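Subject: Structure handover

Hello,

Here is the structure I promised to pass on. Please open it alongside this note.

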Amino acid sequence: MPATGAATATAQTGPGEGAEAEARPEAEPPRRRRDPFLDNVKFVLIALVVVGHSLVPTLAADSSRALYIFIYTFHMPLFVLISGYLSRNFWNSNAKTNKLVDTFLVPYVIVEVGYAALRTALGSKWSLTIIDPAWLNWYLLALLFWRLSTPVWKRMKYPVPVAIAIYLFAGFSQISGDFSMDRFFGLMPFFVIGLVMQPEHFEMLNRRWIKIVSVFTILGAAAVAILVAPHTKLGPFYYKNSYADLNLSWYMGIGLRTALLICALAMCFAVLALVPRGETWFSDLGTRTLYCYLLHGVPVLIAKEMGWLEFPWLFGPLGVLAIASSCFALAIILCLPETRTLFKWVLEPRLTWLYRRPSAKLSAGS
């Protein structure tokens, strides 16, 4: 969990947002106001990310498994879709390009080392493999490579069909998880769909009849998740496993990936239609989802290792409600401005000293 993802004119990026723009020799035009709608969506999604990771120890219970399937069908696809939408103009400024290092590579290395140290402190053997992302860190690398591929997609005549074709054919290969390549291909269509979307597409979802259909879509998805939970494998919902890994024939694999893509998109658009579009009490929280995404693994991992998520009473509807409520509260805490103040030096380092400033001559000629 995404991914999105997501940033508006102030550079939101999926689960997180980047640092401020670097100083320029000439005054830059004033930044456009943040879109509260996208921040609302981001907070809803990041709360679901925390819930999904916390449900893992209780997946033997059908109620927990049903919610897990429901969440994993769409929450990271929607994060990735929003990240694609907000990557449309990513290469149009030096400050955004610098973020490839500032808010992807540097935090990635720091988080990898941090989680390796935490696992060791909890009794595991020291293990650090930078090319194989640890747990939730996969998203940073995948988003980095999606962003790097953006100019290619923007030059294509039919980017969405090409991305879907790559997504389907990727299932024939057992793609390694190194550098998040498995999820890079597995979630690629959502990024490209977001990349080609325009503001008017989001406005189309704001119609009354679409909202009504969206309510029934979400309710129907929840009902299906409850029905299939007892006998459905979880592998397909991670958007990374090959057909061979899932023990499927090629035609069954293509059929499953196609159905999952359709279901995920239906749920993504339903959520987009139902999330409030104006300012809400959680709009501001949605501007700091990077911190929740990268930091929530610490309390969740500790809770798992200490057995706090394995009490018998948690294996049932009441336990699902308790876990979801606690995770919602944790998401709020980790998205507070105080959390950003405390960890900004680690997760959003200002590395302006690393980059060359654009010369006045180039600025005048652009």
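In which loop is Asn247 placed? Asn247 lies in the loop between helix H9 (208-228) and helix H10 (250-274). Helices (H or I, at least four residues) and strands (E, at least two) are DSSP runs, numbered from the N terminus.

Some ground rules before the rest. This is a predicted model, where local features need pLDDT of at least 70, side-chain atom pairs count only at pLDDT 80 or more, and totals for chains, interfaces and linings use all residues. Residues are numbered from 1 along each chain as its sequence is written, and side-chain values use heavy atoms, with hydrogens and water left out.

The overall picture

The chain has 15 helices and two strands. It holds 366 residues, and 52% of them count as buried. Buried means under 20% relative accessible area, exposed means over 50%, and partly exposed is in between (1.4 Å probe, protein chains only).

Backbone points

Most residues other than glycine have a negative phi. Asn247 has a positive phi of about 60 degrees, although it is not a glycine. Asn247 is exposed, at 64% relative accessible area. Phe179 is also not a glycine, and its phi is positive, near 55 degrees. Look for Phe179 in the loop between helix H5 (159-169) and helix H6 (181-186). Phe179 counts as partly exposed because its relative accessibility is 37%.

The loop between H9 and H10 again

Ser242 is found in this loop, between H9 and H10. Is Ser242 buried or exposed? Ser242 has 2% relative accessibility, so it counts as buried. Leaving aside neighbours within four places in sequence, Ser242 is in contact (heavy atoms within 4.5 Å) with Gly171, Ser173 and Gln174.

Cysteines

How many disulfides does a search of the whole structure find? The search finds zero. A disulfide here is a pair of cysteine sulfur atoms within 2.5 Å. Cys335 is in no disulfide, and the nearest cysteine sulfur, that of Cys292, is 4.4 Å away. Cys335 is buried, with a relative accessible area of 0%. Cys268 counts as buried too, at 0% relative accessibility.

Best wishes
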